Amino acid sequence: MSKNSKVLNLKDKISGNEVDLSLCNLTEVPVRELALFTKATVVDLSCNNITSLPPEFCNLTHLVKVDLSKNQLTCLPEDVGNLVNLQHLDLYNNKLTILPVSFSQLRSLKWLDLKDNPLEAGLAKAAGDCLDEKQCKTCASKVLEHMNGLQDEVDRAREKRLLREKELERKREVKQREREARDKEARKQEKAEEKEKRRREYNAQMAALAAREQQKKKSEEKKKKNGQAADKKAVVELAPKPRRSLIGLMFKLLLLLLLGLAGVAATCHLTDLRKETACVPVNIFVDDSLSWAKEQEGVVRQLVQNLSSAAKEFLESTQTSKN
């Protein structure tokens, strides 16, 4: 059957604002076709073999009354609460055990029938018997109240879950910050240790350099002192040499002079030149010197005797002091 034929058949089922699809042996709801007729606010789907409603059914927000009694429904869509205009819902004789939490959002719901469903105890107690119009209206209000309670529990559970998740996230962030702080402190400590190591190495290098400079300075000062001492010693050692050289030179000159005089005297006294005018004074000086020497012979002998006696006494006194 084509889409157009389905639409044509659906048009045949519409009467005013009602669509009668009961006893059509349906296994699923023709949601797309129903969405085309927004003026059809009442839909009768009773006495079929429908086991579930598709999620798109919750988009039929124009529906006011829906009859799904005597089907095989085991659950309703999670977003059934989107049917905000729904006032009348017949779910008699299905296989429902629970209702979705969003059922509490059906604030326009005034009539509800949940008879002959294997409902869980709390929901069955809230639904009641639904034996007449009044009880079905009470069922709607009680079930909404019950579902609001479940919604509150769900909200609280979700809030607690969110709080737990936030707390866990906060703890993770705290741990992350602590870990980052530890890592930062470790990096800082590592940099400080590296800097301290470089500083010690630098100080050691500077100390070694200063020690070398100091040693070099001491060596230079020692060399300088040694050089000065050597210079002084050289000066001290070299200073007398000119004096000794001068004395030697004078001694040599005097010796030469004496030799010369002796030669002259010998020449004038022993050769034929003694009668020469130049040799007369020399001969006179030589004769006088020889006479004076003879006269002084006794004096020299006495002087030698005195020196011998003094030396003997000195030796005797020295020997006595040693004993």
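## Exercises on a predicted model

In this predicted model, a salt bridge links the side chains of Glu196 and Arg199, with an N to O distance of 2.3 Å.

**Exercise 1.** Find out how Glu196 and Arg199 are placed along helix α4, and which residues join them in one network.

*Solution.* 
- Step 1: Glu196 and Arg199 sit three residues apart in helix α4, so about one helical turn separates them.
- Step 2: Now look at Arg200. Its side chain meets that of Glu196 in a salt bridge of 3.7 Å, N to O.
- Step 3: Glu196 and Arg200 are four residues apart in helix α4, which again means a separation of about one helical turn.
- Step 4: Through salt bridges with shared partners, Glu196, Arg199 and Arg200 form one network.

**Exercise 2.** Decide whether Glu196 is buried, partly exposed or exposed.

*Solution.* 
- Step 1: Buried means under 20% relative accessible area, and exposed means over 50%.
- Step 2: Glu196 has a relative accessible area of 29%, so Glu196 is partly exposed.

**Exercise 3.** Describe the lining of the largest cavity by residue type.

*Solution.* 
- Step 1: The largest cavity holds about 50 Å³ of space.
- Step 2: Read off the lining residues, among them Leu53, Phe57, Val66 and Leu91.
- Step 3: Sort the lining: ten residues are nonpolar, none polar and none charged.

Terms used. Residues are numbered from 1 along each chain as its sequence is written. This is a predicted model: local features need pLDDT of at least 70, side-chain atom pairs count only at pLDDT 80 or more; totals for chains, interfaces and linings use all residues. Side-chain values use heavy atoms; hydrogens and water are left out. On a 1 Å grid over the protein atoms alone, a cavity is a set of points where a 1.4 Å probe fits but cannot get out, and a pocket is an open set with protein on both sides within 12 Å along at least five of seven lines; lining residues have an atom within 4 Å of a point. Grid points are joined across faces, edges and corners, and a volume is the space filled by probe spheres set on the points. Ala, Val, Leu, Ile, Met, Phe, Trp, Tyr, Cys and Pro count as nonpolar, Asp, Glu, Lys and Arg as charged, and the others, Gly among them, as polar. A salt bridge is a side-chain nitrogen of Lys or Arg within 4 Å of a carboxyl oxygen of Asp or Glu. Helices (H or I, at least four residues) and strands (E, at least two) are DSSP runs, numbered from the N terminus. Buried means under 20% relative accessible area, exposed over 50%, partly exposed in between (1.4 Å probe, protein chains only).
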